[in-house]
Amino acid sequence: MKAVVTVVGKDTVGILAKVSGICAEHDVNVTEVSQTVLDEMFCMIMLVDISKCNVEFTTLADKLAAYGEENALSIHAMHEDIFNSMHRI
């Protein structure tokens, strides 16, 4: 199973490291990353493998969102089933 994680906010040192660290703490493997900085705005999309995640997906999503709130970032984790349903015609 996979999920999509998006991160948007003011660029600071360590965003990628911290978000991927939270994933690693819960046995979530980052399989693909796309990131860019647009006029000091950090934007990242991660595709992660949640098949071995050691917590419920909602718990992981809440932990990522909480880190985002603490650091003025918008972080959303979306299960691939929901992502695929949203983009199906």
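**Reading helix α1 and its cysteine**

Author: Exposed means over 50% relative accessible area, buried under 20%, and partly exposed in between (1.4 Å probe, protein chains only). The model is predicted: local features need pLDDT of at least 70, side-chain atom pairs count only at pLDDT 80 or more, and totals for chains, interfaces and linings use all residues. Residues are numbered from 1 along each chain as its sequence is written, and side-chain values use heavy atoms, leaving out hydrogens and water.

Reader: Which residues of α1 are buried?

Author: An α-helix has 3.6 residues a turn, so residues three or four places apart point the same way. In α1 (residues 15-25), the buried ones are Ile15, Val19, Ile22 and Cys23. They fall within an arc of 100° seen down the axis, so they line one face of the helix. The arc is taken from the directions from the helix axis to the C-beta atoms. Helices (H or I, at least four residues) and strands (E, at least two) are DSSP runs, numbered from the N terminus.

Reader: What covers the buried residues of α1?

Author: Contact means heavy atoms within 4.5 Å. The cover includes strands β1 (2-10), β2 (29-38), β3 (41-49) and β4 (73-79), and helix α2 (57-70).

Reader: How many disulfides does a search of the whole structure find?

Author: A disulfide is a covalent bond between the sulfur atoms of two cysteines; here the cut-off is a pair of sulfur atoms within 2.5 Å. The search finds zero. For Cys23, the nearest cysteine sulfur, that of Cys53, is 8.5 Å away. Cys23 counts as buried, at 1% relative accessibility.
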